[in-house]
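Please keep the sequence and the structure in view while reading.

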Amino acid sequence: MNRLFRTGLLIVLALALTVPAMASAQEEKVVTIGIGTEPSTLDPRNYSFLQSTFAISWRMFEPLFYHDTRNGDLIPALAESYELLGPTRYQFNLRQGVKWHDGETFTAEDVAWTLVRTPGRIAEYLLDPENPVEIVDDYTIIVNTDGEVGPFIYQTVALNWRMLPEHILEPYFAPYREMSDEELLEVLEGIGKEPAEGETPLDRVLFELDKGTDLLKEVVDDAGNPVYIGTGPFKFENWERGVQITMVANDDYWGGRPNIDRLVWRWIEEDATRVIELESGGFDLIIGVPEEEIERLQDDPNIEVIASPGLNYRIVTLNLRTPALADVKVRQAIAHALNVEELQLLFPEGMTVRTCGPLPVSSPFYNDTVPCYEYDPDLSRTLLEEAGWDPNTVIKFKLTSNDLLEAQLIQAFLADVGITVELETVESATYSADVRQGRSEMAMFTFGNVVDPDHMFWVFHGDWLGAGKVTGTNGIFGYDDPDVNAWTVEGQTTADPDARRALYDQAQVKIVEDIPAIFLYSNSETTAYRTDRLTGIQAMPRPTDVFYWLGTADVIQ
(Lines give C-alpha, C1' and ligand atoms only; values in the text may rest on other atoms or scores of the structure.)
Protein backbone atom coordinates (compact mmCIF):
# COMPACT_ATOMS: atom_id res chain seq x y z
CA MET A 1 0.00 0.00 0.00
CA ASN A 2 2.78 2.41 0.90
CA ARG A 3 4.55 1.77 -2.39
CA LEU A 4 1.31 2.31 -4.34
CA PHE A 5 0.58 5.46 -2.38
CA ARG A 6 4.02 6.87 -3.05
CA THR A 7 3.75 6.04 -6.76
CA GLY A 8 0.33 7.72 -7.04
CA LEU A 9 1.59 10.77 -5.21
CA LEU A 10 4.54 11.12 -7.58
CA ILE A 11 2.21 10.88 -10.58
CA VAL A 12 -0.08 13.58 -9.17
CA LEU A 13 2.87 15.86 -8.44
CA ALA A 14 4.28 15.29 -11.94
CA LEU A 15 0.97 16.18 -13.53
CA ALA A 16 0.64 19.29 -11.35
CA LEU A 17 4.02 20.49 -12.57
CA THR A 18 3.49 19.49 -16.20
CA VAL A 19 0.04 20.99 -16.87
CA PRO A 20 1.04 24.64 -16.13
CA ALA A 21 4.16 24.15 -18.26
CA MET A 22 2.04 22.85 -21.14
CA ALA A 23 -0.44 25.72 -20.74
CA SER A 24 2.42 28.20 -20.77
CA ALA A 25 3.89 26.61 -23.89
CA GLN A 26 0.54 26.85 -25.62
CA GLU A 27 -0.22 30.39 -24.41
CA GLU A 28 -1.64 32.50 -27.22
CA LYS A 29 0.83 34.95 -28.73
CA VAL A 30 -0.94 38.30 -28.75
CA VAL A 31 0.61 41.54 -30.01
CA THR A 32 -1.05 44.83 -29.15
CA ILE A 33 -0.30 47.73 -31.48
CA GLY A 34 -0.89 51.42 -30.82
CA ILE A 35 -1.99 53.63 -33.72
CA GLY A 36 -3.13 57.23 -33.82
CA THR A 37 -6.50 57.09 -35.55
CA GLU A 38 -9.44 54.76 -35.82
CA PRO A 39 -10.00 53.99 -39.53
CA SER A 40 -13.38 54.75 -41.05
CA THR A 41 -13.25 51.47 -43.02
CA LEU A 42 -10.71 48.80 -43.92
CA ASP A 43 -12.22 48.14 -47.36
CA PRO A 44 -9.61 48.86 -50.08
CA ARG A 45 -12.41 50.07 -52.37
CA ASN A 46 -12.80 53.26 -50.41
CA TYR A 47 -10.49 53.44 -47.42
CA SER A 48 -9.03 56.76 -46.33
CA PHE A 49 -5.34 57.36 -46.92
CA LEU A 50 -4.24 57.23 -43.29
CA GLN A 51 -1.29 55.40 -41.79
CA SER A 52 -3.57 53.48 -39.46
CA THR A 53 -5.74 52.31 -42.35
CA PHE A 54 -2.81 51.03 -44.38
CA ALA A 55 -1.22 49.41 -41.33
CA ILE A 56 -4.32 47.32 -40.61
CA SER A 57 -5.89 46.76 -44.01
CA TRP A 58 -2.67 45.70 -45.70
CA ARG A 59 -2.31 42.80 -43.26
CA MET A 60 -5.45 41.32 -44.87
CA PHE A 61 -5.43 42.55 -48.47
CA GLU A 62 -2.38 41.90 -50.62
CA PRO A 63 -0.88 43.19 -53.89
CA LEU A 64 0.66 41.18 -56.67
CA PHE A 65 4.07 42.49 -55.54
CA TYR A 66 5.35 44.37 -52.54
CA HIS A 67 7.75 47.26 -53.16
CA ASP A 68 10.77 46.97 -50.88
CA THR A 69 11.45 50.69 -50.45
CA ARG A 70 14.80 49.95 -48.80
CA ASN A 71 16.37 48.96 -52.10
CA GLY A 72 13.71 49.29 -54.82
CA ASP A 73 13.27 45.55 -55.25
CA LEU A 74 9.95 43.83 -55.86
CA ILE A 75 8.92 41.15 -53.36
CA PRO A 76 6.61 38.56 -54.98
CA ALA A 77 3.23 38.33 -53.29
CA LEU A 78 0.13 37.10 -55.13
CA ALA A 79 2.17 37.06 -58.33
CA GLU A 80 5.41 35.11 -58.50
CA SER A 81 6.76 36.97 -61.52
CA TYR A 82 5.85 39.21 -64.42
CA GLU A 83 6.99 39.52 -68.03
CA LEU A 84 6.99 42.64 -70.18
CA LEU A 85 5.54 41.38 -73.47
CA GLY A 86 5.64 44.85 -75.02
CA PRO A 87 5.71 48.54 -74.01
CA THR A 88 2.06 48.37 -72.94
CA ARG A 89 1.60 44.66 -72.27
CA TYR A 90 2.38 42.89 -68.99
CA GLN A 91 1.92 39.23 -68.17
CA PHE A 92 1.54 38.35 -64.48
CA ASN A 93 2.20 34.78 -63.40
CA LEU A 94 0.10 34.25 -60.29
CA ARG A 95 0.92 32.23 -57.22
CA GLN A 96 -0.99 28.95 -57.08
CA GLY A 97 -2.59 27.49 -53.98
CA VAL A 98 -3.62 30.83 -52.47
CA LYS A 99 -6.89 30.82 -50.53
CA TRP A 100 -9.16 33.69 -49.62
CA HIS A 101 -9.89 33.91 -45.91
CA ASP A 102 -13.22 32.13 -46.46
CA GLY A 103 -11.50 29.18 -48.14
CA GLU A 104 -12.26 30.06 -51.77
CA THR A 105 -9.40 29.84 -54.28
CA PHE A 106 -7.67 32.99 -55.53
CA THR A 107 -7.44 33.04 -59.35
CA ALA A 108 -6.92 35.33 -62.31
CA GLU A 109 -10.66 36.03 -62.25
CA ASP A 110 -10.19 37.92 -58.99
CA VAL A 111 -7.35 39.97 -60.44
CA ALA A 112 -9.42 40.81 -63.51
CA TRP A 113 -12.42 41.84 -61.40
CA THR A 114 -10.27 44.01 -59.14
CA LEU A 115 -8.86 45.90 -62.12
CA VAL A 116 -11.92 46.31 -64.34
CA ARG A 117 -14.84 46.28 -61.92
CA THR A 118 -15.80 49.80 -63.01
CA PRO A 119 -14.86 52.08 -65.92
CA GLY A 120 -13.48 54.46 -63.31
CA ARG A 121 -10.97 51.87 -62.12
CA ILE A 122 -9.89 51.12 -65.69
CA ALA A 123 -9.18 54.83 -66.16
CA GLU A 124 -7.55 55.24 -62.74
CA TYR A 125 -5.17 52.36 -63.39
CA LEU A 126 -4.43 53.67 -66.92
CA LEU A 127 -5.54 50.46 -68.59
CA ASP A 128 -6.54 50.04 -72.23
CA PRO A 129 -10.29 50.78 -72.17
CA GLU A 130 -10.91 48.47 -75.14
CA ASN A 131 -8.91 45.50 -73.87
CA PRO A 132 -7.72 46.05 -70.30
CA VAL A 133 -7.09 42.42 -69.32
CA GLU A 134 -6.82 38.99 -70.90
CA ILE A 135 -7.17 35.88 -68.76
CA VAL A 136 -4.86 33.20 -70.17
CA ASP A 137 -5.68 30.60 -67.52
CA ASP A 138 -6.47 30.45 -63.81
CA TYR A 139 -2.99 31.63 -62.88
CA THR A 140 -1.90 33.77 -65.81
CA ILE A 141 -3.28 37.19 -66.73
CA ILE A 142 -2.18 39.80 -69.26
CA VAL A 143 -2.76 43.47 -68.43
CA ASN A 144 -2.73 46.05 -71.21
CA THR A 145 -2.04 49.69 -70.41
CA ASP A 146 -3.38 52.69 -72.31
CA GLY A 147 -0.02 53.69 -73.76
CA GLU A 148 3.28 53.59 -71.92
CA VAL A 149 2.90 54.16 -68.19
CA GLY A 150 6.01 55.28 -66.33
CA PRO A 151 4.99 54.44 -62.75
CA PHE A 152 3.02 51.31 -63.59
CA ILE A 153 4.88 48.58 -61.70
CA TYR A 154 6.00 50.43 -58.57
CA GLN A 155 3.17 52.93 -58.13
CA THR A 156 0.16 51.18 -59.64
CA VAL A 157 0.86 47.47 -59.23
CA ALA A 158 2.84 47.44 -55.98
CA LEU A 159 1.26 50.39 -54.15
CA ASN A 160 -2.26 50.98 -55.45
CA TRP A 161 -3.53 47.49 -56.21
CA ARG A 162 -4.94 45.36 -53.43
CA MET A 163 -6.66 42.25 -54.74
CA LEU A 164 -10.37 41.88 -53.95
CA PRO A 165 -12.59 38.76 -53.91
CA GLU A 166 -14.94 38.71 -56.88
CA HIS A 167 -17.20 36.11 -55.26
CA ILE A 168 -17.85 38.43 -52.30
CA LEU A 169 -18.27 41.79 -54.06
CA GLU A 170 -19.67 41.17 -57.54
CA PRO A 171 -23.11 40.08 -56.22
CA TYR A 172 -23.53 43.67 -55.01
CA PHE A 173 -22.55 45.08 -58.42
CA ALA A 174 -24.36 42.62 -60.69
CA PRO A 175 -27.96 43.86 -60.21
CA TYR A 176 -27.03 47.36 -61.35
CA ARG A 177 -25.29 46.05 -64.46
CA GLU A 178 -28.68 44.62 -65.56
CA MET A 179 -30.70 47.83 -65.02
CA SER A 180 -31.91 50.18 -67.72
CA ASP A 181 -30.70 53.77 -67.91
CA GLU A 182 -34.05 54.96 -66.53
CA GLU A 183 -33.75 52.68 -63.51
CA LEU A 184 -30.16 53.74 -62.93
CA LEU A 185 -31.10 57.42 -63.06
CA GLU A 186 -33.71 56.75 -60.37
CA VAL A 187 -31.03 55.11 -58.25
CA LEU A 188 -28.79 58.14 -58.66
CA GLU A 189 -31.59 60.52 -57.85
CA GLY A 190 -32.15 58.64 -54.62
CA ILE A 191 -28.61 59.43 -53.44
CA GLY A 192 -28.51 62.94 -54.86
CA LYS A 193 -26.10 62.19 -57.72
CA GLU A 194 -26.18 62.43 -61.50
CA PRO A 195 -23.86 61.40 -64.34
CA ALA A 196 -21.03 63.75 -65.17
CA GLU A 197 -20.71 65.08 -68.70
CA GLY A 198 -19.92 62.20 -71.07
CA GLU A 199 -20.64 59.61 -68.38
CA THR A 200 -23.36 56.96 -68.64
CA PRO A 201 -25.79 56.33 -65.77
CA LEU A 202 -24.20 52.90 -65.26
CA ASP A 203 -20.70 54.39 -65.08
CA ARG A 204 -21.79 56.79 -62.34
CA VAL A 205 -23.71 54.16 -60.36
CA LEU A 206 -20.73 51.81 -60.44
CA PHE A 207 -18.46 54.65 -59.40
CA GLU A 208 -20.67 55.50 -56.41
CA LEU A 209 -21.02 51.82 -55.53
CA ASP A 210 -17.27 51.32 -55.62
CA LYS A 211 -16.48 54.42 -53.58
CA GLY A 212 -18.58 53.41 -50.61
CA THR A 213 -21.48 55.84 -50.83
CA ASP A 214 -24.97 54.99 -49.57
CA LEU A 215 -25.28 52.30 -52.26
CA LEU A 216 -22.67 50.10 -50.54
CA LYS A 217 -20.83 51.71 -47.67
CA GLU A 218 -19.51 48.37 -46.52
CA VAL A 219 -20.14 44.66 -46.96
CA VAL A 220 -21.65 43.37 -43.71
CA ASP A 221 -22.95 40.07 -42.39
CA ASP A 222 -26.46 39.42 -41.10
CA ALA A 223 -25.53 40.90 -37.72
CA GLY A 224 -24.26 44.11 -39.30
CA ASN A 225 -20.58 43.31 -38.74
CA PRO A 226 -18.13 44.27 -41.51
CA VAL A 227 -16.88 41.49 -43.77
CA TYR A 228 -13.26 41.74 -44.92
CA ILE A 229 -12.08 38.76 -46.94
CA GLY A 230 -8.49 38.97 -48.13
CA THR A 231 -5.57 36.61 -48.67
CA GLY A 232 -3.08 38.09 -46.19
CA PRO A 233 -1.31 36.59 -43.18
CA PHE A 234 -3.99 37.83 -40.77
CA LYS A 235 -7.78 37.53 -40.87
CA PHE A 236 -10.32 40.03 -39.59
CA GLU A 237 -12.01 38.89 -36.38
CA ASN A 238 -13.79 41.81 -34.70
CA TRP A 239 -14.16 45.58 -34.67
CA GLU A 240 -15.28 47.10 -31.39
CA ARG A 241 -16.00 50.60 -32.63
CA GLY A 242 -14.19 53.26 -30.68
CA VAL A 243 -12.07 50.67 -28.88
CA GLN A 244 -10.07 48.18 -30.96
CA ILE A 245 -9.79 45.94 -34.01
CA THR A 246 -8.78 42.31 -33.61
CA MET A 247 -7.20 40.04 -36.21
CA VAL A 248 -6.14 36.39 -36.01
CA ALA A 249 -3.46 34.39 -37.78
CA ASN A 250 -4.38 32.91 -41.15
CA ASP A 251 -3.71 29.20 -40.66
CA ASP A 252 -3.77 28.64 -44.42
CA TYR A 253 -1.56 31.57 -45.44
CA TRP A 254 0.42 30.83 -48.58
CA GLY A 255 3.56 32.22 -46.97
CA GLY A 256 3.21 30.03 -43.88
CA ARG A 257 1.17 30.59 -40.75
CA PRO A 258 2.36 33.64 -38.77
CA ASN A 259 4.06 33.02 -35.44
CA ILE A 260 1.79 35.63 -33.86
CA ASP A 261 -1.68 34.28 -33.07
CA ARG A 262 -3.58 37.52 -32.63
CA LEU A 263 -3.14 41.21 -33.41
CA VAL A 264 -4.99 43.81 -31.37
CA TRP A 265 -5.04 47.34 -32.82
CA ARG A 266 -5.92 50.14 -30.44
CA TRP A 267 -5.91 53.85 -31.19
CA ILE A 268 -4.87 56.76 -29.04
CA GLU A 269 -4.67 60.13 -30.79
CA GLU A 270 -2.18 61.69 -28.38
CA ASP A 271 1.33 60.56 -29.26
CA ALA A 272 2.59 61.02 -25.70
CA THR A 273 -0.12 58.73 -24.33
CA ARG A 274 0.79 56.04 -26.84
CA VAL A 275 4.39 56.25 -25.63
CA ILE A 276 3.30 55.81 -22.01
CA GLU A 277 1.33 52.72 -23.03
CA LEU A 278 4.43 51.35 -24.79
CA GLU A 279 6.61 51.96 -21.74
CA SER A 280 4.10 50.36 -19.39
CA GLY A 281 3.70 47.29 -21.62
CA GLY A 282 0.16 48.12 -22.74
CA PHE A 283 1.45 48.32 -26.32
CA ASP A 284 4.09 46.13 -27.92
CA LEU A 285 4.58 48.39 -30.95
CA ILE A 286 3.44 51.91 -31.84
CA ILE A 287 3.32 54.23 -34.83
CA GLY A 288 4.29 57.81 -34.16
CA VAL A 289 6.83 58.67 -31.49
CA PRO A 290 6.76 62.30 -30.33
CA GLU A 291 10.08 63.87 -31.24
CA GLU A 292 10.62 65.09 -27.69
CA GLU A 293 10.38 61.49 -26.45
CA ILE A 294 12.81 59.89 -28.91
CA GLU A 295 16.04 60.34 -26.96
CA ARG A 296 14.45 59.13 -23.72
CA LEU A 297 13.03 56.03 -25.40
CA GLN A 298 16.37 55.29 -27.03
CA ASP A 299 17.86 55.05 -23.53
CA ASP A 300 15.33 52.36 -22.55
CA PRO A 301 17.05 48.94 -22.96
CA ASN A 302 13.69 47.27 -23.68
CA ILE A 303 12.58 49.64 -26.47
CA GLU A 304 13.94 50.23 -29.95
CA VAL A 305 13.01 53.36 -31.91
CA ILE A 306 13.02 53.04 -35.69
CA ALA A 307 13.39 56.33 -37.56
CA SER A 308 12.56 55.86 -41.24
CA PRO A 309 13.53 58.38 -43.94
CA GLY A 310 10.42 60.40 -44.69
CA LEU A 311 8.59 59.59 -47.91
CA ASN A 312 6.22 62.41 -47.00
CA TYR A 313 5.83 66.17 -47.03
CA ARG A 314 3.94 68.51 -44.74
CA ILE A 315 1.87 71.43 -46.03
CA VAL A 316 -0.56 74.16 -45.13
CA THR A 317 -3.43 73.80 -47.61
CA LEU A 318 -4.97 76.90 -49.12
CA ASN A 319 -8.42 76.39 -50.63
CA LEU A 320 -8.60 78.69 -53.67
CA ARG A 321 -12.40 78.54 -53.59
CA THR A 322 -12.31 80.51 -50.34
CA PRO A 323 -12.83 84.16 -51.43
CA ALA A 324 -10.18 85.44 -49.03
CA LEU A 325 -7.58 83.10 -50.58
CA ALA A 326 -8.46 83.53 -54.26
CA ASP A 327 -5.83 86.23 -54.86
CA VAL A 328 -2.37 84.76 -55.41
CA LYS A 329 -0.82 87.79 -53.68
CA VAL A 330 -2.67 86.89 -50.50
CA ARG A 331 -1.35 83.33 -50.72
CA GLN A 332 2.16 84.68 -51.34
CA ALA A 333 1.75 86.93 -48.31
CA ILE A 334 0.79 83.97 -46.14
CA ALA A 335 3.80 82.02 -47.39
CA HIS A 336 6.23 84.86 -46.64
CA ALA A 337 4.68 85.35 -43.19
CA LEU A 338 5.67 81.86 -42.03
CA ASN A 339 9.03 81.31 -40.37
CA VAL A 340 9.50 77.69 -41.36
CA GLU A 341 12.85 77.42 -39.61
CA GLU A 342 11.17 78.32 -36.34
CA LEU A 343 8.45 75.76 -37.02
CA GLN A 344 11.17 73.14 -37.47
CA LEU A 345 12.46 73.94 -33.98
CA LEU A 346 9.31 72.26 -32.65
CA PHE A 347 10.97 68.98 -33.66
CA PRO A 348 14.27 67.41 -32.53
CA GLU A 349 17.29 68.23 -34.60
CA GLY A 350 17.45 66.17 -37.76
CA MET A 351 13.82 65.03 -37.62
CA THR A 352 12.65 67.40 -40.38
CA VAL A 353 14.04 68.45 -43.77
CA ARG A 354 12.86 71.65 -45.44
CA THR A 355 10.91 70.98 -48.63
CA CYS A 356 9.89 73.72 -51.03
CA GLY A 357 7.72 71.81 -53.49
CA PRO A 358 5.17 69.01 -53.89
CA LEU A 359 7.48 66.01 -53.41
CA PRO A 360 9.58 64.84 -50.48
CA VAL A 361 13.25 65.81 -50.69
CA SER A 362 14.11 62.10 -50.66
CA SER A 363 12.44 61.64 -54.05
CA PRO A 364 14.86 61.43 -57.00
CA PHE A 365 12.35 63.60 -58.87
CA TYR A 366 12.40 66.44 -56.32
CA ASN A 367 13.24 69.71 -58.11
CA ASP A 368 15.86 71.34 -55.90
CA THR A 369 15.90 74.46 -58.08
CA VAL A 370 12.41 75.42 -56.89
CA PRO A 371 12.87 78.33 -54.46
CA CYS A 372 11.34 78.35 -51.01
CA TYR A 373 9.15 81.22 -49.89
CA GLU A 374 11.50 82.74 -47.35
CA TYR A 375 10.37 84.39 -44.14
CA ASP A 376 9.81 88.09 -44.92
CA PRO A 377 6.99 89.69 -42.89
CA ASP A 378 7.58 93.13 -44.46
CA LEU A 379 7.10 91.70 -47.95
CA SER A 380 4.03 89.89 -46.65
CA ARG A 381 2.46 93.15 -45.47
CA THR A 382 3.26 94.81 -48.81
CA LEU A 383 1.60 91.98 -50.76
CA LEU A 384 -1.49 92.20 -48.56
CA GLU A 385 -1.72 95.93 -49.17
CA GLU A 386 -1.41 95.41 -52.94
CA ALA A 387 -4.17 92.78 -52.74
CA GLY A 388 -6.48 95.16 -50.87
CA TRP A 389 -6.65 92.89 -47.85
CA ASP A 390 -9.54 93.52 -45.46
CA PRO A 391 -8.13 93.23 -41.90
CA ASN A 392 -11.57 92.17 -40.64
CA THR A 393 -11.37 88.94 -42.63
CA VAL A 394 -11.14 85.74 -40.60
CA ILE A 395 -9.76 82.52 -42.13
CA LYS A 396 -10.65 79.19 -40.56
CA PHE A 397 -7.71 76.85 -40.05
CA LYS A 398 -8.60 73.14 -39.65
CA LEU A 399 -6.35 70.78 -37.70
CA THR A 400 -6.24 67.81 -35.34
CA SER A 401 -4.99 67.89 -31.76
CA ASN A 402 -1.61 66.56 -32.91
CA ASP A 403 -1.16 69.67 -35.11
CA LEU A 404 -1.87 72.19 -32.37
CA LEU A 405 1.64 73.50 -31.65
CA GLU A 406 2.43 74.06 -35.33
CA ALA A 407 -0.97 75.65 -35.94
CA GLN A 408 -0.67 78.01 -32.99
CA LEU A 409 2.73 79.19 -34.17
CA ILE A 410 1.39 79.70 -37.72
CA GLN A 411 -1.55 81.61 -36.24
CA ALA A 412 0.89 83.91 -34.44
CA PHE A 413 3.00 84.47 -37.57
CA LEU A 414 -0.08 85.45 -39.55
CA ALA A 415 -1.42 87.71 -36.80
CA ASP A 416 1.89 89.57 -36.93
CA VAL A 417 1.22 90.64 -40.54
CA GLY A 418 -2.49 91.38 -40.02
CA ILE A 419 -4.17 88.09 -40.94
CA THR A 420 -6.62 86.68 -38.40
CA VAL A 421 -6.85 82.91 -38.27
CA GLU A 422 -9.39 80.94 -36.25
CA LEU A 423 -8.23 77.44 -35.28
CA GLU A 424 -10.76 74.64 -35.75
CA THR A 425 -9.71 71.37 -34.10
CA VAL A 426 -11.59 68.28 -35.33
CA GLU A 427 -11.45 64.53 -34.72
CA SER A 428 -8.87 62.65 -36.76
CA ALA A 429 -11.50 60.18 -37.97
CA THR A 430 -13.30 62.89 -39.99
CA TYR A 431 -10.39 65.26 -40.57
CA SER A 432 -8.89 63.64 -43.65
CA ALA A 433 -12.22 63.39 -45.47
CA ASP A 434 -13.09 67.00 -44.60
CA VAL A 435 -9.84 68.33 -46.05
CA ARG A 436 -9.74 66.03 -49.09
CA GLN A 437 -13.30 66.99 -50.04
CA GLY A 438 -12.76 70.73 -49.75
CA ARG A 439 -14.45 71.30 -46.41
CA SER A 440 -11.64 73.52 -45.13
CA GLU A 441 -10.21 76.95 -45.89
CA MET A 442 -6.74 76.30 -44.51
CA ALA A 443 -5.52 73.06 -42.98
CA MET A 444 -2.43 71.23 -41.78
CA PHE A 445 -1.94 68.16 -43.93
CA THR A 446 0.67 65.52 -44.70
CA PHE A 447 1.01 63.33 -47.76
CA GLY A 448 2.91 60.10 -47.24
CA ASN A 449 3.85 57.00 -49.21
CA VAL A 450 5.13 59.20 -52.03
CA VAL A 451 7.17 56.64 -53.98
CA ASP A 452 6.71 58.12 -57.47
CA PRO A 453 6.13 61.65 -58.85
CA ASP A 454 2.85 60.38 -60.31
CA HIS A 455 1.61 61.35 -56.85
CA MET A 456 1.39 64.90 -58.26
CA PHE A 457 -1.29 63.85 -60.74
CA TRP A 458 -3.60 62.50 -58.05
CA VAL A 459 -3.05 65.43 -55.70
CA PHE A 460 -2.78 68.48 -57.98
CA HIS A 461 -4.63 67.55 -61.17
CA GLY A 462 -7.99 69.33 -61.30
CA ASP A 463 -9.93 66.15 -61.92
CA TRP A 464 -8.78 64.54 -58.69
CA LEU A 465 -7.75 66.04 -55.35
CA GLY A 466 -6.72 69.30 -56.98
CA ALA A 467 -10.30 70.42 -57.64
CA GLY A 468 -12.27 67.18 -57.35
CA LYS A 469 -14.01 67.42 -60.74
CA VAL A 470 -14.24 63.64 -61.17
CA THR A 471 -15.07 62.90 -57.54
CA GLY A 472 -17.75 65.59 -57.40
CA THR A 473 -16.07 67.47 -54.54
CA ASN A 474 -14.11 70.71 -54.34
CA GLY A 475 -10.89 68.79 -53.83
CA ILE A 476 -8.33 69.90 -51.28
CA PHE A 477 -7.22 73.10 -52.99
CA GLY A 478 -9.85 74.05 -55.56
CA TYR A 479 -6.84 74.07 -57.90
CA ASP A 480 -7.18 73.39 -61.61
CA ASP A 481 -4.27 74.53 -63.76
CA PRO A 482 -4.25 73.37 -67.42
CA ASP A 483 -0.45 73.23 -67.63
CA VAL A 484 -0.07 71.19 -64.44
CA ASN A 485 -2.88 68.94 -65.62
CA ALA A 486 -1.16 68.38 -68.97
CA TRP A 487 2.32 67.81 -67.55
CA THR A 488 1.17 65.32 -64.91
CA VAL A 489 -0.91 63.41 -67.46
CA GLU A 490 2.05 63.23 -69.84
CA GLY A 491 4.28 62.12 -66.97
CA GLN A 492 1.99 59.16 -66.47
CA THR A 493 2.47 58.04 -70.06
CA THR A 494 6.22 58.64 -70.33
CA ALA A 495 8.49 55.77 -69.40
CA ASP A 496 11.83 57.50 -70.04
CA PRO A 497 13.05 58.79 -66.63
CA ASP A 498 14.79 61.88 -68.02
CA ALA A 499 11.74 62.92 -70.00
CA ARG A 500 9.54 62.32 -66.95
CA ARG A 501 11.87 64.40 -64.79
CA ALA A 502 11.63 67.35 -67.17
CA LEU A 503 7.82 67.22 -67.03
CA TYR A 504 7.66 67.02 -63.26
CA ASP A 505 10.27 69.76 -62.88
CA GLN A 506 7.96 72.13 -64.78
CA ALA A 507 4.95 71.03 -62.78
CA GLN A 508 6.71 71.65 -59.48
CA VAL A 509 7.71 75.15 -60.51
CA LYS A 510 4.18 76.05 -61.59
CA ILE A 511 2.54 74.61 -58.48
CA VAL A 512 4.91 76.54 -56.21
CA GLU A 513 4.23 79.73 -58.17
CA ASP A 514 0.45 79.28 -57.88
CA ILE A 515 0.61 78.33 -54.17
CA PRO A 516 -2.38 76.07 -53.61
CA ALA A 517 -0.36 75.00 -50.56
CA ILE A 518 2.61 76.16 -48.54
CA PHE A 519 5.27 73.46 -48.50
CA LEU A 520 7.00 73.14 -45.16
CA TYR A 521 9.12 70.04 -44.53
CA SER A 522 9.40 66.27 -44.63
CA ASN A 523 9.23 64.51 -41.27
CA SER A 524 11.16 61.42 -40.37
CA GLU A 525 8.69 58.65 -39.63
CA THR A 526 9.08 56.87 -36.33
CA THR A 527 7.87 53.62 -34.86
CA ALA A 528 8.95 51.95 -31.65
CA TYR A 529 8.59 48.45 -30.24
CA ARG A 530 9.45 46.49 -27.14
CA THR A 531 12.50 44.32 -27.71
CA ASP A 532 11.56 42.21 -24.68
CA ARG A 533 8.29 41.30 -26.44
CA LEU A 534 8.98 41.22 -30.18
CA THR A 535 11.70 39.88 -32.41
CA GLY A 536 12.03 40.02 -36.20
CA ILE A 537 10.96 43.67 -36.73
CA GLN A 538 13.09 45.55 -39.26
CA ALA A 539 13.31 49.18 -40.34
CA MET A 540 11.52 50.19 -43.55
CA PRO A 541 11.43 53.64 -45.18
CA ARG A 542 7.65 53.87 -44.88
CA PRO A 543 6.42 53.51 -41.31
CA THR A 544 3.47 51.31 -42.28
CA ASP A 545 5.87 48.94 -44.07
CA VAL A 546 7.24 47.97 -40.65
CA PHE A 547 4.06 45.95 -40.20
CA TYR A 548 5.05 43.82 -43.19
CA TRP A 549 7.28 41.99 -40.71
CA LEU A 550 4.36 40.97 -38.51
CA GLY A 551 3.84 38.06 -40.88
CA THR A 552 7.16 36.55 -39.78
CA ALA A 553 7.91 38.28 -36.45
CA ASP A 554 7.56 36.41 -33.18
CA VAL A 555 6.67 37.04 -29.56
CA ILE A 556 9.31 36.57 -26.88
CA GLN A 557 7.75 34.50 -24.11
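A crossing of two helices counts as left-handed if the near helix is turned anticlockwise from the far one by less than a right angle, and as right-handed if clockwise. In this model, which is predicted, α11 passes α13 in a left-handed crossing.

Helix α11 covers residues 328-337 and helix α13 covers residues 377-387, and the two pack with their axes 8 Å apart at an angle of about 165°. Because angles over 145 degrees count as roughly antiparallel, α11 is roughly antiparallel to α13.

| Helix | Residues in the contact |
|---|---|
| α11 | Lys329, Val330, Gln332, Ala333, Ile334, His336, Ala337 |
| α13 | Pro377, Leu379, Ser380, Leu383, Leu384, Glu386, Ala387 |

Sorted by class, the contact of α11 with α13 is made of nine nonpolar, three polar and two charged residues.

The second topic is the disulfide. A disulfide is a covalent bond between the sulfur atoms of two cysteines. The count for this model comes to one disulfide, which joins Cys356 to Cys372 with an S to S distance of 1.5 Å. Cys356 lies in the loop between β14 (352-354) and α13, and Cys372 lies in the loop between β14 and α13 as well, so that the pair, 16 residues apart, links distant parts of the chain. The link of Cys356 and Cys372 is left-handed, with -45° about the S-S bond, and both Cys356 and Cys372 are buried.

Conventions:
Residues numbered from 1 in each chain as written. Predicted model: local features only at pLDDT ≥ 70, side-chain atom pairs only at ≥ 80, totals over all residues. Heavy atoms only, no water. Axes fitted to C-alpha atoms, helices over the stretch in contact; angles between N-to-C directions. Helix = DSSP H or I, 4+ residues; strand = E, 2+ residues; numbered from the N terminus. Parallel < 35°, antiparallel > 145°, perpendicular 65-115°, else oblique. Contact = heavy atoms within 4.5 Å. Nonpolar A, V, L, I, M, F, W, Y, C, P; charged D, E, K, R; others polar. Disulfide = S-S within 2.5 Å. Buried < 20%, exposed > 50% of the residue type's maximum accessible area, 1.4 Å probe, protein only.
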